[in-house]
Amino acid sequence: MLVAEILKSKGEAVFAIAPDTPLTEACRELDSRRVGALMVCEDDRVVGVMSERDVVRAVAKDGQAALGRPVADYMSRQVVFAEPAETVAILMERMTDRRIRHLPVLRDQRLAGVISIGDVVKCQIAEAAHEAESLRTYIAAG
């Protein structure tokens, strides 16, 4: 399955914040949106990713003071992207190798969506179930 197909079924909603957003506000946004990461954008350019892991690391490093600082101080700056024509297998490899859980998707150099590890796993499970059902049908017909 391709990234474009996953986005088509899950939607292209992207939750983004500005780099100067206080960490406490980013935490509220993560909670209210029920997501594990937010894209950090300047204008329409992704400059970082603020994940739950980043929040934990920030608090571990700077304690409660971290909550008043901007997400730019703690966000992941080396953003790894996906493209609509890439396969789930490629995403799984990239996410595993780099130990990341969220990939922003770029279409024509513009942010088109976000794929999470949960989306990838859900896709793999659906494909396995479809394959199993096809085999059952084939065996029953034989």
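User: How many disulfides does the structure hold?

Analyst: A disulfide is a pair of cysteine sulfur atoms within 2.5 Å, and the structure holds zero of them. Cys27 is in no disulfide, and the nearest cysteine sulfur, that of Cys41, is 18 Å away. Before going further, please note that this is a predicted model, in which local features need pLDDT of at least 70, side-chain atom pairs count only at pLDDT 80 or more, and totals for chains, interfaces and linings use all residues. Residues are numbered from 1 along each chain as its sequence is written, and side-chain values use heavy atoms, with hydrogens and water left out.

User: Is Cys41 buried or exposed, and how should I read such a word?

Analyst: Buried means under 20% relative accessible area, exposed means over 50%, and partly exposed is in between, with a 1.4 Å probe and protein chains only. Cys41 has a relative accessible area of 13%, so this residue is buried, whereas Cys27, at 24%, is partly exposed. For the chain of 142 residues, 35% count as buried.

User: How do I read a sheet, and in what order do the strands of the open sheet stand?

Analyst: Two strands pair if DSSP finds at least two bridges between them. Here three strands form an open sheet in the order E1-E2-E3, with mixed pairing. Strand E1 (16-17) and strand E3 (45-51) stand at the edges and have a single partner strand each, so one side of each is left without a neighbour in the sheet. Strand E2 (residues 37-42) pairs with E3 in the antiparallel sense over six bridges, and Met39 stands opposite Val49 in E3. As a general idea, the side chains of a regular strand alternate between the two faces of the sheet.

User: Where are Arg34 and Arg99 found, and what is the phi of Arg34?

Analyst: Arg34 is in the loop between H2 and E2, and its phi is near 55°, a positive value in a residue other than glycine. Arg99 lies in the loop between helix H4 (88-98) and E4, and this residue too is not a glycine, yet has a positive phi of about 55°. With a relative accessible area of 78%, Arg34 is exposed, and Arg99 counts as exposed at 64%.

User: How is the packing of two helices described, and at what angle do H2 and H3 pack?

Analyst: Two packed helices are described by the angle between their axes and the distance between the axes. Axes are lines fitted to C-alpha atoms, for helices over the stretch in contact, and angles run from 0 to 180 degrees between N-to-C directions. H2 and H3 pack at an angle of about 145°, with their axes 11 Å apart. Contact means heavy atoms within 4.5 Å, and Leu23, Cys27 and Leu30 in H2 meet Glu52, Val55 and Ala58 in H3. Helix H2 (residues 23-33) also lies across E1, E2 and E3, running at about 130° to E2.

User: What is a nonpolar core, and which residues have the most contacts inside the largest one?

Analyst: A nonpolar core is a set of buried Ala, Val, Leu, Ile, Met, Phe, Trp, Tyr and Cys residues joined through side-chain atoms within 4.5 Å. The largest here has 15 residues, and those with the most contacts inside it are Ile17, Leu23, Val40, Met50 and Val71. H2, E2, E3 and helix H3 (52-62) are the elements that give two or more residues to this core, and its largest share, three residues, comes from H2. Leaving aside neighbours within four places in sequence, Val40 is in contact with residues including Ile17, Val49, Met50, Val71 and Met75. A second, separate core of 13 residues includes Leu7, Val88, Met95 and Val120.

Terms used: Helix = DSSP H or I, 4+ residues; strand = E, 2+ residues; numbered from the N terminus.
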